[in-house]
Amino acid sequence: KFAQIVINEVKKSDKLLKAFMENPSSMFASILAGAEIGLVPSDLLGEFYLIPRNIKQDNGLYKLTVTPLIGYKGLLTILLRGTELENIEANVVYEGEIFNVTLGSNPNLEHTPKFDIERSAAKITHVYAVAHYKSGRNQFQVLSRKEIEAIKGLSKYNNTLYFNDKENPNRWMEKKSCLIQLGKLLDKDYYGTKAIELDNRLEGGALLTLDDRDQ
C-alpha cells in the first residue's frame with residue numbers, strides 16, 4: 001500500500017518523475033525517511049511531501065533532486081503518537097484581536113479572535129501552539145511575526161507558502177514553525193524526536209542519501 005501511494009504521487013508530477021530519473025537515490029532516501037517516522041508521502045493526506053528541487057552540485061551544475069518535507073499535519077500526528085498528550089492546537093493572531101500572554105510561575109495565554117476584521121497574511125501579528133496533556137497540564141509557545149520571518153530566512157530553500165493568502169490560506173507553514181518550536185520542549189517518543197531533528201536538517205539544506213550521510 002505504501003509503495004502504491006508513492007508511485008501514484010510520482011505519476012501525478014512530471015517534475016517529480018524527472019527528479020527521480022535524474023537522481024533516484026534522493027527519491028529512495030526521501031521515501032525511507034518518511035517510512036522511518038511512519039508518514040506516507042501523499043498530497044491528499046498532507047502529512048509528508050516529496051519535493052523536486054534544483055540543487056547545486058559540487059561541480060557547480062544544478063540537478064533535480066527529491067527532498068522530503070514534513071507537513072503540519074504529519075508533525076501533529078507524530079507528536080500525539082505514543083505520548084501523554086491529549087491534543088495540540090495552533091492558531092494565528094491578527095491585528096485587532098485580543099491577545100495577552102503571561103509568563104513566569106503561572107503562565108497563561110488568552111486569545112479572543114474577531115471574524116469581522118481583515119484576516120489576511122499582512123495582518124498576522126503572532127502564531128501560537130498549545131499542547132494539552134491528559135493530566136490537564138498545558139504548555140504553549142508563541143512566535144511573533146518577526147520571529148516567524150526569521151525562521152523562514154534560516155531555511156536554505158525559498159518557501160513561498162509563508163504569509164501567502166492564495167497558496168496557504170490555512171496558514172499551515174506559520175503554524176508549523178510554531179509547532180516545531182513547541183515540539184522541542186514537549187515530552188516525545190523516538191519518532192517525535194526523529195521528526196523534529198529531520199525537519200531541522202532539511203530546512204538547513206541537508207540532502208538525504210541512501211547511506212544516511214548528509215551533504
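Start by selecting strand β6, residues 124-133, together with β7: seven bridges join the two, and they run antiparallel. Strands and helices here are DSSP runs numbered from the N terminus (H or I, at least four residues, for helices; E, at least two, for strands). Two strands count as paired if DSSP finds at least two bridges between them. This is a predicted model, in which local features need pLDDT of at least 70 and side-chain atom pairs count only at pLDDT 80 or more, while totals for chains, interfaces and linings use all residues. Residues are numbered from 1 along each chain as its sequence is written, and side-chain values use heavy atoms, with hydrogens and water left out.

Within this pair, pick His126; its bridge partner in β7 is Ser144.

The three strands form an open antiparallel sheet in the order β3-β6-β7. β3 (85-94) and β7 (138-144) are the edge strands, each pairing on one side only. Ignoring direction, neighbouring strands of this sheet are turned by 15 degrees against each other on average. Axes are lines fitted to C-alpha atoms, for helices over the stretch in contact, and angles run from 0 to 180 degrees between N-to-C directions.

Next, show α6. This helix packs on the sheet and touches β3, β6 and β7, its direction making about 45 degrees with that of β6. Contact means heavy atoms within 4.5 Å.

Keep α6 and select α4, residues 72-80. The two helices pack at an angle of about 25 degrees, with their axes 9 Å apart. That makes α4 roughly parallel to α6, a term for angles under 35 degrees. Residues making the contact include Tyr72 and Leu76 of α4 and Trp172 and Leu179 of α6.

Then colour the largest nonpolar core, which has 46 residues; Ile37, Ile70, Ile88 and Leu179 touch the most other members. Such a core is a set of buried Ala, Val, Leu, Ile, Met, Phe, Trp, Tyr and Cys residues joined through side-chain atoms within 4.5 Å. Buried means under 20% relative accessible area, with a 1.4 Å probe and protein chains only. A second, separate core of six residues includes Phe99, Tyr128, Val130 and Phe140.

Finish in the loop between α5 (145-154) and α6 (172-183), where Phe163 lies. Phe163 has a positive phi, near 50 degrees, though not a glycine, and is buried at 18% relative accessible area. Arg171 is found in the loop between α5 and α6 as well. Its phi is also positive, about 60 degrees, and Arg171 is buried at 4% relative accessibility.

Note on methods:
Buried means under 20% relative accessible area, exposed over 50%, partly exposed in between (1.4 Å probe, protein chains only). Angles under 35 degrees count as roughly parallel, over 145 as roughly antiparallel, 65 to 115 as roughly perpendicular and the rest as oblique.
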